[in-house]
Every structure is written in C-alpha cells, then in structure tokens.
Amino acid sequence: MGRINCFIPFANAEQAKLTVQNLKAEELVSKIYLLATDDSQGTIDGCEIIKVKNLAASSTIKAIAEYADADYVLYYNKYNTLKFAPFAVERFVKLADDSQAGMLYADHYNVTEGGAVKAPVIDYQFGSLRDDFDFGSVYFFCGCCFKKAAAAMKADYEFAGLYDLRLKLSQFADICHINEFLYSDVELDTRKSGEKIFDYVDPRNRGRQIEMEAACTEHLKEIGGYLAPTKVVDGNEAPNFKHIEFDHDKFEVEATVMIPVRNRIRTIRDAIDSVLRQKTNFKFNLMVVDNFSTDGTREAIAEYNDPRLIHIIADYYDMGIGGYWNLAAHHEKAGKFVVQLDSDDMYKDENTLQTMVDAFYEQNVAMVVGTYLMTDINCNPIPPGVIDHKEWTPENGRNNALRINGLGAPRAFYTPVLRDVKIPNTSYGEDYALGLNISRTYQIGRVYTPVYMCRRWDDNSDASLDVEKMNRNNLYKDRIRTWELQARIALNKKGNCCCKCDE
C-alpha cells in the first residue's frame with residue numbers, strides 16, 4: 001500500500017518520535033527518512049538516517065532525490081510534532097493523483113500555548129516568486145517531478161536549495177494549494193506581522209538573501225522574464241534603460257513632498273514639521289492629501305500658515321492611497337519630482353529632500369529609493385536598525401525586485417513618468433507595483449545613507465495583521481508580480497500581439 005517516502009527533520013529521538021509514530025500509522029507511507037545534521041543524536045527504529053548540512057541546502061534536496069523511490073515525496077520542515085487529520089494523507093494522494101500536480105500544500109492548524117489556530121495559506125501563481133512564500137510545513141511532491149526538478153538544479157546553495165527546487169519544478173508542473181485544513185503542527189514564530197515583515201532586509205540574513213537572488217535570477221533567465229542591464233547598440237554595449245533629459249520646465253517648484261493621511265493626529269505634525277524644515281537650493285512644496293480624517297488630523301493640518309503647504313481634502317470612498325498619489329502628481333502645483341513621506345514617519349534631517357533630488361540628476365533615473373532607519377515612536381533606533389535595501393543593485397535590482405516584498409523608503413519619482421505610468425488605486429502594494437513598472441524601462445537610483453525614519457508603533461497599518469488580511473495583501477502582491485512578469489516576458493519576445501494567440 002505504501003506510496004509515500006517521508007523526509008522529516010531529526011535532532012533526537014524525543015523530538016521526532018511522535019511525528020514518526022503518526023506517519024507509521026498511515027498505510028500509504030512506505031519509508032521514513034530522518035534528516036539529521038552533525039549535532040543530531042540517536043535514531044528511531046524503522047527509520048533511515050540521512051546526514052544533511054541543513055534542511056534547505058541543495059545537497060539535502062539532492063540526497064532526498066537520490067533516496068526517494070515512491071510515487072510521492074512528503075517533506076516536513078519543522079522540528080515539531082506533525083499530526084494529520086483523519087484520512088488527510090489519503091486526501092493528499094487522491095488530489096495528487098487527480099490533479100497530476102508537481103507539488104501540493106494545504107491549509108493547516110498552528111498549535112501554540114494558547115491553543116490551535118487556523119493557518120490558511122494562499123494560492124500559488126506565476127508571480128509567486130517570494131522565497132518566503134508560505135506553503136506551511138508540509139510539502140507533498142510527485143516523486144518523478146521532485147527528481148526532475150532536483151536534476152535541473154545547477155548551483156550548490158547552503159540556504160536556497162528548497163527555493164531553487166520549487167522554482168525549477170514550477171517551470172514544468174503545477175503547484176497546487178489544497179484549501180482544506182489537513183494537518184497541525186507547532187507554530188514557532190509567534191511574532192506579530194509587523195515584526196516579521198523586515199526579516200528579508202535584516203543585515204544578519206544578507207548571505208541567505210544573496211543565494212535567493214541568484215536562484216531567482218537564474219529562474220527568470222530560464223523562463224524569459226530576465227531584464228539585462230545592458231544591450232548591444234551598433235556593436236557596442238550600452239545601458240538597457242531609457243535615458244531622461246529632465247527638460248520639462250512647466251513646474252513652479254522643483255519638488256513636492258506628498259503625505260497621504262487619515263486619522264494620524266498623534267504623528268501628522270511631526271511629519272509636516274520634518275518637511276518644512278528642509279534646507280534646499282530649490283523651491284519645494286508639501287501636499288497633504290487628507291482622506292476622511294475625523295480625529296483632529298484635518299484641524300491640525302489647517303493650523304499651519306505656510307504657503308508651501310497645500311492641504312488637499314480628498315474624501316472619496318472609492319479611492320486608496322494610490323489614488324491620492326495620482327491626485328497629487330496631477331495637481332497643477334506638483335513639482336518636477338514627487339517625494340514620499342508616510343504620515344507616521346519623518347525625514348531624518350533637514351537634508352533629505354536635497355539628497356533625494358540630487359540623486360535624480362547624478363544617476364539619470366526616473367525613481368530614487370532611499371535608506372531608512374527603524375525607530376520607535378520617539379525616534380529611538382530599534383532592530384534591525386538601518387534598512388538599506390542592498391538587494392537593489394543597478395545591475396540586477398529590477399530582477400531581484402520580483403523576489404522581495406518591498407522597495408525601501410523614501411521613494412521619489414520624476415513627475416512626468418509618474419503621470420504617465422500612474423499608480424494602482426489601492427492602499428497596499430501600490431508603491432511596489434509602481435516601482436516594478438518603472439524599472440521595466442528606467443533605471444531606479446539609490447541613496448544608501450539613511451535619510452528617513454520609519455517609526456514603528458501600535459497604530460501602524462501593518463503592525464499586527466490577522467492572517468486573513470496578511471493573505472489578502474500577499475495574494476495581491478503576488479498578483480502584481482504575475483502581471484509584471486508576464487509583461488517582461490512579452491517585452492523580451494517583442495511581440496505585437498497582446499495575448500497568447502501567437503499572431
């Protein structure tokens with residue numbers, strides 16, 4: 001009856017025994033392999049030990065492919081107890097047989113000290129390129145597909161092996177989400193959502209991120225979605241970006257700072273003050289786009305008697321932050337460059353605006369991304385500290401941007417390009433979509449010195465999201481990546497038809 005090879009983490013017998021017992025009780029399980037690192041101790045009867053570097057290394061994936069001899073490979077990636085719902089393993093096999101998918105994953109329960117909570121995950125799609133995509137802890141592979149994908153892996157990664165496998169597999173097989181709750185395990189990471197979102201830019205994870213970038217870049221090249229930094233023109237190599245002349249002169253001011261706001265009475269004055277104290281060699285103004293504020297924010301903005309401040313009342317029910325950005329960019333008083341500031345953040349000092357605008361001319365770019373410092377509400381630095389988004393490089397930034405979950409702050413735009421591209425009318429991911437779109441054609445510049453303070457406090461919009469809100473956000477960002485990846489593949493093909501009819 002056994003049709004499944006199971007591969008589970010192994011530290012010692014006590015840690016793995018319940019998971020092994022649960023798997024042995026399943027008739028469809030043929031063999032159980034223990035993935036043991038050098039510091040693992042002991043063994044469990046009836047199981048075979050495989051020595052590995054770590055769970056996600058390329059060498060571990062290759063070893064699993066070598067040992068696997070069943071129809072399906074079940075890979076579990078937590079050092080905790082895995083327990084399937086009754087007949088859940090049969091359900092995995094049934095759907096695998098029916099769908100012919102290369103990999104399946106399912107909704108599940110996370111068990112913590114407070115009890116069991118539902119952990120639904122989202123559908124995988126063409127643009128689901130994030131290396132931290134949440135599949136849960138159970139990966140259920142077609143054995144043949146696993147071996148084929150493992151054989152296609154070219155690099156020897158310490159951390160990115162599992163990610164590389166998934167990308168390779170997605171090139172020839174479906175990855176299927178079973179939106180049924182089929183198992184439970186122990187949730188190790190109980191941090192709030194706002195504490196997790198910066199993991200990928202934590203300097204301590206830089207080595208891991210470099211590997212992930214390499215794996216993703218290789219994947220993009222293989223599927224036709226890679227955008228090269230240079231091109232050959234008349235036999236010579238030239239930058240593969242559109243040059244900008246910055247010759248538009250129909251702007252009253254050089255720069256506009258744009259703050260979208262709703263009910264931020266506690267922080268809006270700090271944000272405004274940090275703009276008005278800017279020292280520049282050019283004229284600038286500030287547009288505060290106010291959306292249905294009812295907590296005194298609107299009155300606080302009206303207190304300012306400064307001609308540089310333009311207070312835009314934008315009480316539209318059907319408009320998100322992206323829509324307000326579009327209002328500001330198309331305003332008759334908008335400057336040649338539009339620079340972002342969130343209503344609960346601040347510019348680091350009086351030189352931020354000058355630094356950001358100078359970068360446009362120095363680097364000939366349509367968009368500039370700065371570096372920020374993580375602080376508490378009182379501007380005291382907090383971990384992980386300086387976020388410089390070094391993953392955005394002139395050579396590969398626009399490709400690596402499809403893998404990461406954000407582009408940094410502050411963000412600034414050349415207004416004619418901003419007006420042309422426009423921003424999605426949403427309140428999450430709108431800036432990310434805009435950056436991806438712009439980078440398809442134009443170079444994006446970087447400022448690597450901290451110029452912005454990103455303040456974390458209880459009322460941040462992403463401080464503590466429930467799983468359904470996080471899933472909606474992640475699903476939308478993956479959708480953005482899908483659209484962008486499709487556009488880049490079409491650009492590389494240089495076809496004239498807008499669909500897949502091959503005409």
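Start by selecting Pro-384, which sits in strand S18, residues 381-387. Keep in mind as you click around that this is a predicted model. Show the backbone here: the peptide bond running from Pro-383 to Pro-384 is cis, with omega near 5 degrees.

Now select Cys-379, in the loop between strand S17 (367-375) and S18. Its phi is near 70 degrees, a positive value in a residue that isn't glycine. Cys-379 counts as partly exposed because its relative accessible area is 24%.

For another cis bond, go to Ala-409 and Pro-410: the peptide bond between them is cis, with omega near -5 degrees. Pro-410 belongs to the loop between helix H12 (397-400) and strand S19 (411-414).

While you're checking backbones, pick Phe-292 as well. You'll find it in the loop between strand S13 (284-290) and helix H9 (297-302). Phe-292 isn't a glycine, yet its phi is positive, about 55 degrees.

Next stop: Thr-415, in helix H13, residues 415-421. Is Thr-415 buried or exposed? It's buried, with a relative accessible area of 0%. Leaving out residues up to four places away in sequence, Thr-415 touches Phe-251, Ala-329, Gly-335, Lys-336, Phe-337 and Val-338. Show those side chains together to see what surrounds Thr-415.

**Into the sheet**

Select strand S4, residues 72-76, where 5 of the 5 residues are buried. In a regular strand, side chains alternate between the two faces of the sheet. Which residues of S4 are on each side? Tyr-72, Leu-74 and Tyr-76 are on one, Val-73 and Tyr-75 on the other, and both faces are covered.

Strand S1 (residues 4-10) pairs with S4 in the parallel sense, over 4 bridges. To find your place along that pairing, look at Ile-4, which stands opposite Tyr-72. S8, on the other hand, runs antiparallel to S4, and 5 bridges join the two. Here the pair to highlight is Tyr-76 and its bridge partner in S8, Val-138.

Stay on Val-138, in strand S8 (residues 138-142). Val-138 counts as buried because its relative accessible area is 0%. Setting aside residues up to four places away in sequence, Val-138 touches Leu-74, Tyr-75, Tyr-76, Leu-82, Phe-84, Phe-92, Leu-104, Tyr-105 and Tyr-183.

**The core**

From Val-138, hop to its contact Phe-84. How many residues are in the largest nonpolar core? There are 148, and Phe-84 and Ile-259 are those with the most contacts inside it. With residues up to four places away in sequence left out, the neighbors touching Phe-84 are Leu-23, Glu-26, Leu-74, Val-89, Phe-92, Val-138, Leu-182 and Tyr-183.

**Cysteines**

Now color the cysteine sulfurs. A disulfide is a covalent bond between the sulfur atoms of two cysteines. How many disulfides does this model have? The count comes to 0. Select Cys-145: the nearest cysteine sulfur, belonging to Cys-142, is 3.4 Å away, and Cys-145 is in no disulfide. That follows because a disulfide needs the two sulfurs within 2.5 Å. Cys-145 counts as buried, at 13% relative accessibility. Cys-176 isn't in a disulfide either; its nearest cysteine sulfur is that of Cys-145, 13 Å away. Cys-176 is partly exposed, with a relative accessible area of 25%.

**Last stop: a helix pair**

Select helix H14, residues 430-439, which is mostly covered, with 8 of its 10 residues buried. The buried ones are Glu-430, Tyr-432, Ala-433, Leu-434, Gly-435, Leu-436, Ile-438 and Ser-439.

Bring in helix H15, residues 467-493: its axis and that of H14 come within 10 Å and cross at roughly 10 degrees. That angle makes H14 roughly parallel to H15. To see the contact, show Tyr-432, Ala-433, Leu-436, Asn-437 and Ser-439 from H14, along with Lys-477, Ile-480, Arg-481, Glu-484 and Arg-488 from H15.

Definitions and conventions:
Residues are numbered from 1 along each chain as its sequence is written. This is a predicted model: local features need pLDDT of at least 70, side-chain atom pairs count only at pLDDT 80 or more; totals for chains, interfaces and linings use all residues. Side-chain values use heavy atoms; hydrogens and water are left out. A nonpolar core is a set of buried Ala, Val, Leu, Ile, Met, Phe, Trp, Tyr and Cys residues joined through side-chain atoms within 4.5 Å. Buried means under 20% relative accessible area, exposed over 50%, partly exposed in between (1.4 Å probe, protein chains only). Contact means heavy atoms within 4.5 Å. Two strands pair if DSSP finds at least two bridges between them. Axes are lines fitted to C-alpha atoms, for helices over the stretch in contact, and angles run from 0 to 180 degrees between N-to-C directions. Angles under 35 degrees count as roughly parallel, over 145 as roughly antiparallel, 65 to 115 as roughly perpendicular and the rest as oblique.
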